[in-house]
Structures are given as structure tokens and as C-alpha cells.
Amino acid sequence: MTHIKPELSIIIASFNARDTIEACLDSLRGQKTERSFEVLLVDSSTDGTAEFVCGHYPEVRLITSPNRLHCGGARNRALALAGAEVIAFLDADSYVDAEWVEALMETHRADYLLVGGIIDNSSASSLAAWAYYFCEYSLWLPARRQRHVREMAGCCLSFKRSAFDRYGPFIEGTYCSDTAFQWKLRRDGHKVLFTPKIRIYHQAPASFSRFITHTFEHRRAF
């Protein structure tokens with residue numbers, strides 16, 4: 001990983017992600033690629049996530065906030081510092097396989113501003129996680145064919161920098177910033193390319209109480 005003229009900027013928004021951030025960053029550290037990429041993590045946690053990342057992942061560009069940041073605000077901060085022409089978002093409770101960077105960059109050779117892929121459930125033993133997964137990510141289940149989708153979840157969204165320059169910034173203080181951003185592009189006729197070559201693994205909440213709380217807050221935002 002390098003911060004010198006990267007080909008790809010990977011942005012992670014983190015809030016109280018100490019339990020999941022290690023798997024996320026380990027998966028990026030293990031990428032099988034010769035491409036240069038940077039990782040920018042914007043953290044507004046109160047559980048020691050920032051201290052853990054600072055001590056164990058010196059290659060990560062850490063940006064901290066004393067106030068809670070939703071994804072839109074966190075991503076805006078990172079995008080102001082990102083150096084690449086291709087931007088990818090990854091959630092702090094997600095991780096990727098070793099070929100993710102290669103698959104993502106290869107797909108971005110196509111003439112699409114927005115690109116995404118499969119969101120898989122990594123918590124297969126939890127009924128609450130499956131409930132969360134199907135409610136949240138049913139549009140991006142494992143599939144064999146490439147197609148257009150009406151939008152991509154923020155945890156698996158990537159785009160060319162020109163898309164943000166024209167349609168950004170993200171709205172802040174809410175959960176629906178990635179959807180609102182994509183609505184602007186869709187109104188101008190842009191399509192989101194979904195490809196099974198790109199796959200992330202999401203670590204869903206393991207308790208029904210967390211699932212219900214998150215789902216309520218998420219739906220209220222919309």
C-alpha cells in the first residue's frame with residue numbers, strides 16, 4: 001500500500017467498530033495486486049477503534065472526529081484528502097477477498113461511473129444476521145451474471161472521481177446519503193454496473209435487538 005499517486009482510494013467510515021475493523025483491514029492488507037492503493041479510515045468511535053488502528057495498521061490514513069459522523073459526513077472528509085481517480089467504499093463491518101482490488105479496477109475500465117458487486121453474509125450461523133442481510137441487501141445477492149442495478153449499497157459502492165466532483169458532496173447526518181447521491185446520477189441517465197467479480201462479506205448484527213434498532217433508524221432516515 002502506498003500514499004503516492006494511488007490508483008485507488010479505499011474509504012472506510014467507522015463508528016464503534018473495534019470488534020470488526022481487524023477483519024476489514026486484514027483483508028485489505030492481504031490483497032494480491034501490484035496496483036497502488038491507499039486506505040483512509042474516518043473514525044468517530046468511543047470504543048478504542050482509532051487507538052487500535054493507529055497501533056496495528058500504520059499504513060492506514062486515520063482521520064478522527066470527536067463527534068459522531070454518519071457515513072455521508074465521514075466520506076466527505078476522506079474524499080477531500082483522497083488522491084486516486086477511482087474511489088471505493090467499504091464498511092468497517094465488512095471484508096473482502098484477496099482479489100478484490102484487481103476485480104474492482106478491472107471493472108472500472110468499462111465506461112461506467114458507478115460500479116458494485118455481490119454483498120455476501122459472513123455470519124451464516126446467526127438467524128438475526130440472516131434477517132438483517134435479507135432486509136438490507138436483497139438487491140445484491142450472489143449471482144452469476146453482470147447486470148445493471150438501480151443502486152448500490154454504500155458498503156460495496158465504487159465510482160470514478162468525476163462522479164463525486166459533479167454530483168457530490170454526500171448529504172450528512174443521516175443513513176441515506178449514498179442513495180441520495182445515486183439518485184442524482186440516475187436522473188441524468190447513469191446506470192450502476194453490478195458484476196459478480198466484485199464481492200464483499202458483511203458481518204451483520206448477531207442479535208435481534210441490534211437488528212431491530214438499526215432497521216428502524218435506517219428506515220426513518222429514508
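Me: In this predicted model, where buried means under 20% relative accessible area, does His108 count as buried or exposed, and at what relative accessibility?
Reply: His108 is placed in the loop between α4 (100-107) and β6 (114-121). Leaving aside residues up to four places away in sequence, His108 touches Val86, Leu113, Val115, Ser158, Phe159 and Lys160. Because the limit for a buried residue is under 20%, His108 counts as buried, at a relative accessibility of 7%.

Me: Which side chain is joined to that of His108 by a polar contact?
Reply: Ser158 is among the residues that His108 touches, a list that also includes Phe159 and Lys160. The polar contact spans 2.8 Å, and the side chain that it joins to that of His108 belongs to Ser158.

Me: How is the aromatic pair of Trp130 and Phe134 classed?
Reply: The structure holds 14 aromatic pairs, and in the one formed by Trp130 and Phe134 the distance is 5.5 Å centre to centre, with 25° between the planes. Both residues lie in helix α5 (residues 127-137), four residues apart, which is about one turn of the helix. Trp130 is partly exposed with a relative accessible area of 28%, and Phe134 is partly exposed with 44%. Because planes under 30 degrees apart count as stacked, the pair of Trp130 and Phe134 is stacked.

Me: How is the pair of Phe159 and Phe170 classed?
Reply: The ring centres of Phe159 and Phe170 are 6.4 Å apart and their planes stand at 55°, so this pair is not among those that count as stacked but is tilted. The pair links distant parts of the chain, with Phe159 in strand β8 (residues 158-160) and Phe170 in the loop between α6 (161-167) and α7 (177-187), 11 residues apart. Phe159 counts as buried at 0% relative accessibility, and Phe170 is buried with a relative accessible area of 3%. The class of the pair of Phe159 and Phe170 is therefore tilted.

Me: How many disulfides does the structure have?
Reply: A disulfide needs two cysteine sulfur atoms within 2.5 Å. The sulfur of Cys156, a buried residue with a relative accessible area of 5%, is 6.1 Å from the closest cysteine sulfur, in Cys155, which is too far for a bond. By this rule the number of disulfides is zero.

Me: How many residues apart in sequence are the parts that the pair of Glu7 and Arg35 ties together?
Reply: Glu7 forms a salt bridge with Arg35, with the closest N and O atoms 3.3 Å apart. Glu7 counts as partly exposed at 33% relative accessibility, and Arg35 is partly exposed with a relative accessible area of 24%. Because Glu7 lies in the segment before β1 (8-14) and Arg35 in the loop between α1 (21-29) and β2 (37-43), the pair ties together parts whose separation in sequence, in residues, is 28.

Me: Over the ring of which residue does the charged end of Arg75 sit?
Reply: Arg75 also takes part in a salt bridge with Asp91, where the closest N and O atoms are 3.4 Å apart. That pair links distant parts of the chain, with Asp91 in the loop between β4 (86-89) and β5 (94-96) and Arg75 in helix α3 (residues 71-79), 16 residues apart, and both Asp91 and Arg75 are buried. At 4.3 Å from the ring centre, the charged end of Arg75 sits over the ring of Phe89.

Methods: Residues numbered from 1 in each chain as written. Predicted model: local features only at pLDDT ≥ 70, side-chain atom pairs only at ≥ 80, totals over all residues. Heavy atoms only, no water. Helix = DSSP H or I, 4+ residues; strand = E, 2+ residues; numbered from the N terminus. Buried < 20%, exposed > 50% of the residue type's maximum accessible area, 1.4 Å probe, protein only. Polar contact = N/O pair within 3.5 Å; in protein donor to acceptor, adjacent residues only side chain to side chain. Contact = heavy atoms within 4.5 Å. Phe/Tyr/Trp six-rings, centres within 6.5 Å; stacked < 30°, edge-to-face > 60°. Lys NZ or Arg CZ within 6 Å of the ring centre and 35° of its normal. Salt bridge = Lys/Arg side-chain N within 4 Å of Asp/Glu carboxyl O.
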